[in-house]
Amino acid sequence: MTLEGLTGFPRVALAHRPTPLEPMPNLSQAVGVEGLFVKRDDCTGLAMGGNKVRQLEFYLGEAIARSASVVLITGAVQSNYARCTAAAAAKLGLRCVIQLEDRVRGMPSEYQRSGNVLLDRLFGAEIHTYPEGEDESGADRSLDSLAEELTAQGECPYVIHLSPDHPPLGALGYVEAAGELLEQASDKNIDFRSVVVASGSAQTHAGLLVGLHAQGRGDIQVHGVCVRRRAEAQGARVLQCAQAVEQLLDLRGLVGPGDVRVTDRHLGAGYGQSTRESEEAIRMAARREGLLADPVYTGKALAGMLSLARSGAFEGRPAIFMHTGGTPALFAYGSLADRDSPGSLRR
Ligand SMILES: Cc1ncc(COP(=O)(O)O)c(C=O)c1O
């Protein structure tokens, strides 16, 4: 199912679509419910996949439409977004400048070099650093000044901003993904009423909400698991983003405050800090389904899904885990596997 309004946006094809929708029978059994499924957006194809590939189709479509020669992006050191942007830029023949923010303190050297950082370098991105981790506007300003320097050198830069003051073009990828999911579920007779997703910038979460509502499925609950900020701030961000997406698509009043569900139970000490429950969820997914989840995003989201399932929140109906990727970060958190805690990845 395609939403008419989506076709008006410039776009480049980057993602493998549709991504598979698979049952997770062993995890379902482990938490005593039936009908947990996973939407495999970790399999979007480009450069080890993930949700950012769908989002980048719209940003880079705009970049190409504006004849950009270089694309700039900012993110955490282990940013999946930066890695996917570097890969997409390489594929499209664009220069890529990445700004890595010092968001997670006290990490081992592998965090600075392995996982996504290794891939950023492999894709030929130029790496800059930003000393703050919780200063979205400052990180954007710093990116804008890098862009000004590039303009002075004769380049045509395109900046993918982080703060919510910019049109959330990436969310359009998830407006579309909502339709893809509904169609697959209908083909497979999966009458789901819940989706669980990691909620960070909120573009994935908001895009799904708008996409479901636009197709008359506002009855499906989207549970966002906070990975960056507390529930109150994240809830406000999701709503603001959903309203901005509606504006982009010339829709009005689809998603209201009552539709925004977020939990910060799995945030732990904050962004990029794994928790005992997320480590346990990563280990369960690996050992029961052969499925990889990461410590920053999908491990926390899966921990959220498992606790919702255990608490009976899905009321016996099928539920979908939106797997947003993040696999390369596992290699940057390798020491988790050595930790001898009850939730350790080694057990
Ligand atoms: C693997 C992964 N999952 C989830 C998210 C969160 O998605 P969003 O920023 O659209 O909320 C990100 C964002 O970086 C991510 O890399």
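## Around the ligand

By class, four nonpolar, 13 polar and one charged residues make up the shell around the ligand. Keep in mind as you browse that this is a predicted model. Which residues come nearest to the ligand? Of the 18 residues around it, these are Asn80, Gly200, Ser201, Thr324 and Gly326.

Let's turn to the elements behind this shell. At least two of its residues come from each of α2 (51–65), α3 (80–92), β7 (194–199) and α8 (203–214). The largest share belongs to α8, which gives three residues to the shell around the ligand.

## Two domains, one shell

The domain assignment of the chain gives domain 1 (4–50 + 168–338) and domain 2 (52–160). Both take part around the ligand: the shell draws at least three residues from each of domain 1 and domain 2.

## Where the domains touch

How far apart are the centres of the two domains? Taken over C-alpha atoms, the centres of domain 1 and domain 2 are separated by 23 Å. Their contact takes 32 residues from domain 1 and 30 residues from domain 2.

Here is a look at the domain 1 side. On the side of domain 1 that touches domain 2, α7 (171–187) and α12 (329–332) each supply at least two residues. With four residues, α7 has the largest share of this side. By class, the residues on the side of domain 1 that touches domain 2 divide into 18 nonpolar, 13 polar and one charged.

How values were computed: Residues are numbered from 1 along each chain as its sequence is written. This is a predicted model: local features need pLDDT of at least 70, side-chain atom pairs count only at pLDDT 80 or more; totals for chains, interfaces and linings use all residues. A residue is near a molecule or strand if its C-beta atom, placed from the backbone, lies within 6 Å of it. Ala, Val, Leu, Ile, Met, Phe, Trp, Tyr, Cys and Pro count as nonpolar, Asp, Glu, Lys and Arg as charged, and the others, Gly among them, as polar. Domain bounds come from an automatic or database domain assignment. Two residues are in contact if their C-beta atoms, placed from the backbone, lie within 7 Å.
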